[in-house]
Amino acid sequence: MITGAHTIIYATDAEAARAFFRDVLGFGHVDAGGGWLIFKSPPSELAVHPADPQAAGVAELFLMCDDLAATVTELKAKGVEFTTGVTEQGWGLVTTLAVPGAGTLGLYQPHHDTAYDLA
């Protein structure tokens, strides 16, 4: 039976990206050896969206929050760079933030029911 999901973010500067998740976002972690950190993810859910054949199999990671404005303010105070403004997408409020050495991540406040807390 499936017991969890393991997400991978590829980074040109893995140390900077790991420091971001550890020190800025405060994600708990274990050291798998030699400083190779594996982070505890927040509760999650999985969505499947239609795609053109070229995009089939592509995965994206979005972090979720209950109050996007407050979360953006808190993260900006910690030096986080946001790469887009907040937009209304119908299904939620969304923005993107920079992860040092690892591109960008989506951050959103859903307007829909969430599945991550289902029993």
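Okay, some housekeeping. This is a predicted model, where local features need pLDDT of at least 70 and side-chain atom pairs count only at pLDDT 80 or more, while totals for chains, interfaces and linings use all residues. Residues are numbered from 1 along each chain as its sequence is written, and side-chain values use heavy atoms, with hydrogens and water left out.

Helices here are DSSP runs of H or I, at least four residues, and strands are E runs of at least two, numbered from the N terminus.

On to α2, residues 68–77: its buried residues (under 20% relative accessible area, 1.4 Å probe, protein chains only) are L68, T71, V72 and L75. They sit on the same side of α2, because they span an arc of only 100 degrees around the axis, taken from the directions from the helix axis to the C-beta atoms. The buried set packs against β5 and β6; contact means heavy atoms within 4.5 Å.

What about the ends of α2? D67 caps the N-terminal one, with a side-chain oxygen 3.3 Å from the backbone nitrogen of A69. Just after the helix, G79 has a positive phi of about 90 degrees.

Last stop, β5, residues 92–98, where T96 is found. T96 is buried, at 19%. Among the residues T96 touches are F82, L105 and G106.

Key. Buried means under 20% relative accessible area, exposed over 50%, partly exposed in between (1.4 Å probe, protein chains only). A polar contact is a pair of N or O atoms within 3.5 Å; within protein, one must be able to donate a hydrogen and the other to accept it, and residues adjacent in sequence count only if both atoms are side-chain atoms. Lists of a residue's contacts leave out its neighbours within four places in sequence.
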